[in-house]
Amino acid sequence: MISVANVSMRYGSKVLFDDVTTTFSPGRRYGLTGPNGSGKSTFMKLLTGELTPQKGSVSRPTKLGVLSQDQFAYDAFRVVDTVIMGNKRLWDTLQERERLYNLPSMTDAQGMRLGELEGIVGEEDGYSAESDAAVLLQGLDIPNKVHERTMAELQGGQKVRVLLAQALFGNPQALLLDEPTNHLDLDSIHWLETFLERYDGTLIVISHDRHFLNAVCTHTADIDYQTIITYTGGYDDMVLAKMQIRSRIESENAQREKKIDQLNDFIARFSAGTRASQVASRRKEVERLQTTDLARSNIQRPYIKFTMNRPSGRVALECEQVRKAHGALKVIKNFSAVVTRGEKIVLVGRNGVGKTTMLKALLAGAPGQPESPDDTDSGMVRWGHEASIGYFSQDHTGAIQKGMTAVEWLHQFDPDLSRQDIHGLLGQMLFRGEEGLKPTEALSGGETARLLFCRIMLQKPNVLVFDEPTNHLDLESINALNVGLQKFEGTVLLVTHDQDLLEEVGTRVWSFAHGNIEDFKGPHEEYEAILAQR
């Protein structure tokens, strides 16, 4: 169990949470929710002990599994050893045992100590540690051939999975996971969901994946109104309950205000007359009926609406015998397809199978995009009549010019638009007031993503090509993007591991596996059902 008593945290004048007391019980799986900047990661660091509360106390179990955020901390260690380090008691014991075994000779005291260490290794399932670690790594798509390598040899996405395996290793009494689905493909996310559903300790997880939270969480701890309120159920259950509570309070307040107006009207008419006792009783009634104060929620919802200047031709895109290889690895093998106007294609498959490579191959000679002949080896790609493309790249590096304000950067894409209209568009994406004057080099990951969406909405293309657009977005922004893509009347090519986006946006699936691409003309849910029957 993890318990928090009278905890407060503030940065300058900004109060994150004030005098919070709550308990996280064993056997329950909590989603920690709240918009970007609400204090989720700060609260998680309080729970892990990385931060000390400015007021109050936190008690936690001795065996804690924490997802490390430092990808480079274990570069000198073998992958399998990095996972075993998740059980600190076992790892320290194994290290000490190895030192004793390497001694040229051993005293009686050292021999007795070695016996104690062997007992601890047995208690902590140390004799099966490497095989247990291997099972976790395989579930997270880290193959056996990698287990003996050092962490420094791994790519960033692989490192994150190893650190996730580290947090899960050794049956910790509580698991604290901050964004565990980042850099995971859909198969790995499903494996993690199944693993966590079987976990019987205390789980607290921060995620911007609504489907993941709904699938895993039995409770939701929501940071809002400068406190933490725990609701039963997943993310959608919390949103519904929160709306119902606020709606009920607003309705009760409206009824009370109506009654108070009637009483005050009576008091004003008869206060100077002969009905002094009736006036006094009505004044007491007014005091009793004072409305409940509704604190201002810190949730901010962007408004994403993609419109087109003009539609494309009936065929938005045609490709024939497209091929691309990275050295000896054939990523795209003779792929041909015709994409008609209005289709919304989701590209799915494990990390590294070629989804981003496919988007780059299609964009290599696209209208309005820079020429990039190296992105295809051979084949033909033809974009339709009047096709205009809005591209959201997975890598934002260099996408926004530095040395400008957000307003100035956005204004250059439509100089004829008034500054007021630019500020209005920025306001839709939560750059309110003077936030539009923020220097572009000071933008956070989420702000960068929202500003790039502003540019696409300003340009009004009829084809959207989005590669992992939900990275850095909070749940409210992801939900707004989901709605915006569903309502968009043009053509969409979308790479994402967000299950809700796949199911609710996609009308067609390109599935990548083992160098082959399957073209399924139907929604993702139907494709999953067919896969399950194979």
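Mentor: Happy to. This is a predicted model, so local features need pLDDT of at least 70, side-chain atom pairs count only at pLDDT 80 or more, and totals for chains, interfaces and linings use all residues. Residues are numbered from 1 along each chain as its sequence is written, and side-chain values use heavy atoms, with hydrogens and water left out.

Trainee: Why is Tyr 101 called partly exposed?

Mentor: Buried means under 20% relative accessible area, exposed over 50%, and partly exposed in between (1.4 Å probe, protein chains only). Tyr 101 has 47% relative accessibility, so it counts as partly exposed.

Trainee: What makes strand β17 mostly covered?

Mentor: Strands are DSSP runs of E with at least two residues, numbered from the N terminus. In β17 (residues 508-513), five of the six residues are buried.

Trainee: How do you know that β17 and strand β18 pair?

Mentor: Two strands pair if DSSP finds at least two bridges between them. β17 and β18 (residues 516-520) have five bridges, in the antiparallel sense. One example is Ser 511, whose bridge partner in β18 is Glu 518.

Trainee: And which sense does the pairing of β12 with β17 have?

Mentor: Strand β12 (residues 344-348) and β17 pair in the parallel sense, over four bridges. There, Val 348 has Ser 511 as its bridge partner in β17.
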